Amino acid sequence: MRMTSSTIRTRWSPKRDTATPQHRRAARTAAAVAAGALALSLSACGSSDDGSGGSTGDTDETTNNVTLPKLDGTSLEVAAVWSGTEQANFKKVLQEFEKRTGAKVTFVPAQDPIINFIGSKVAGGQPPDIAMLPQPGAIKQAVDKGWAKPLGSEAAKELGENYSQGWQDIGKVGGKQYGVYYKAANKSLIWYNNQVFENAGASEPETWPDLLNTAQTVFDSGVTPFSVGGAEGWTLTDWFENVYLSQAGPEKYDQLAKHEIKWTDPSVKDALTTLAQVWGKPDWIAGGANGALQTDFPASVTQVFTGGDQPKAAMVAAGDFAQVNIPSSMKIGTDAKVFPFPAVGDNGPVVSGGDAAVILEDSKGSQALATWLASPDAASIQAKLGGYLSPNKNVPNSDYPNAVQQKIAKALIDAGDDFRFDMSDQAPQAFGGTPGKGEWKILQDFLKNPKDIAGTQAKLEAEAAAAYGN
């Protein structure tokens with residue numbers, strides 16, 4: 001379940017009421033305020049009456065804001081890397097499309113990296129009609145290879161009515177619209193078991209030193225502080241990106257993302273040194289490094305919220321989408337709480353991911369499905385089910401099932417066009433998005449041996465230079 005994609009990046013101060021963005025582009029005040037509001041309000045959010053993380057929404061009653069053709073006899077396939085509850089919830093969205101059009105839609109489970117999976121399907125003459133691509137670079141690659149097809153007028157119209165220009169632009173290649181960003185995610189969050197915190201007398205941290213103190217307090221109470229889903233390398237890049245963005249700042253972040261500075265830069269050394277303050281303490285990580293490297297993302301979340309007063313860990317760094325892996329017995333905002341990833345530098349990070357629907361087989365049916373996924377009707381169905389965040393500005397905020405999710409969703413929409421992409425997803429696939437290779441593998445090795453900072457930097461630089469070609 002790959003959750004890294006586009007990144008919305010602003011900066012907020014946990015000690016002030018307004019954010020202080022420092023970006024190259026001007027006119028970012030509104031987005032920065034939204035990010036700051038999110039940071040300051042998350043810990044205060046209580047749950048709504050149905051504040052579980054599971055499928056609590058009523059999807060039987062749906063509004064009809066989009067015109068779709070009759071497609072009786074049409075069969076379509078949609079490929080995505082989603083699994084578990086996330087896949088099940090998306091299938092409900094596809095079922096409503098079937099109900100409205102008469103088409104039959106089959107979900108095709110894909111493997112990471114999905115662009116390689118798509119390539120094998122294309123080579124075999126059986127590409128899916130639509131693929132949900134989790135990387136902007138993957139969209140460009142699909143276009144460059146001639147696999148992706150532009151959106152038609154109906155889908156483009158729906159996109160224009162429901163998305164800010166920024167969300168439209170990140171789905172474009174060469175000025176043409178290819179992607180519908182159906183899903184987004186705020187990944188600068190740390191979820192925690194409130195009962196463990198209360199038993200330990202721990203408080204929500206605002207800064208990195210605060211986080212280390214909170215972790216020690218939790219450890220002294222008899223519970224391992226952190227759960228890490230290290231079996232999936234993207235979780236480790238998320239840790240690095242949050243630390244690096246906050247500590248090095250947005251300009252350095254942009255430069256490293258483009259390989260305009262090397263991974264041997266002192267700023268990377270600083271970030272890895274900071275990470276080692278957590279990763280270098282095996283007793284602070286559930287199962288130690290070896291256990292973390294055998295733990296996938298869903299399990300990394302679940303083990304924080306099962307086990308009563310003695311879960312395997314107290315905290316997990318994970319996006320809003322982690323809610324689908326929190327047991328329904330744990331109320332969001334009451335039993336399962338969340339705080340923004342703490343500030344390592346002067347300001348804390350805000351990093352977000354997403355997935356775009358891209359047409360591979362152009363037809364009346366695939367264009368209609370892309371139109372459907374660009375509509376608020378489709379997004380509202382999954383919003384009600386929890387663990388999902390839409391960049392569609394016309395999805396009612398009240399459709400999200402709890403106050404925490406509503407705050408996160410509002411901040412995303414209020415951010416408008418202020419976007420930055422996840423660093424690993426801006427990189428060539430071989431470096432930033434392939435299991436067992438590149439940044440994913442090197443950070444997994446660093447989790448096992450966090451003392452080897454210089455060696456890790458050298459490996460990162462060697463692999464990045466080869467992938468970027470410079």
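In this predicted model, strand 8 (residues 189–193) runs antiparallel to its partner, strand 11, and the two are joined over 5 bridges. The sheet to which they belong is an open one of 4 strands with mixed pairing, in the order 9-10-8-11. Elsewhere, helix 9 (residues 233–248) packs against helix 10 (residues 250–257) and also against helix 11 (residues 266–279).

**The sheet**

**Helix 9 with helix 10**

- The axes of helix 9 and helix 10 lie 6 Å apart at an angle of about 130°, and the two helices are therefore oblique to each other.
- Helix 9 contributes Phe-240, Glu-241, Tyr-244, Leu-245 and Ala-248 to this contact, where they meet Pro-250, Lys-252, Tyr-253 and Leu-256 of helix 10.
- Sorted by class, the residues of this contact between helix 9 and helix 10 comprise 7 nonpolar and 2 charged, with no polar ones.

**Helix 9 with helix 11**

- Here the axes are 9 Å apart and the angle is about 125°, so helix 9 and helix 11 are likewise described as oblique to each other.
- The crossing of helix 9 with helix 11 is right-handed.
- On the helix 9 side the contact residues include Leu-236, Trp-239 and Val-243, and on the helix 11 side they include Ala-271, Leu-275 and Trp-279.
- By class, the contact of helix 9 with helix 11 holds 12 nonpolar, 3 polar and 1 charged residues.

Definitions and conventions
Residues are numbered from 1 along each chain as its sequence is written. This is a predicted model: local features need pLDDT of at least 70, side-chain atom pairs count only at pLDDT 80 or more; totals for chains, interfaces and linings use all residues. Side-chain values use heavy atoms; hydrogens and water are left out. Axes are lines fitted to C-alpha atoms, for helices over the stretch in contact, and angles run from 0 to 180 degrees between N-to-C directions. Angles under 35 degrees count as roughly parallel, over 145 as roughly antiparallel, 65 to 115 as roughly perpendicular and the rest as oblique. Contact means heavy atoms within 4.5 Å. Ala, Val, Leu, Ile, Met, Phe, Trp, Tyr, Cys and Pro count as nonpolar, Asp, Glu, Lys and Arg as charged, and the others, Gly among them, as polar. A crossing is left-handed if the near helix is turned anticlockwise from the far one by less than a right angle, and right-handed if clockwise. Two strands pair if DSSP finds at least two bridges between them.
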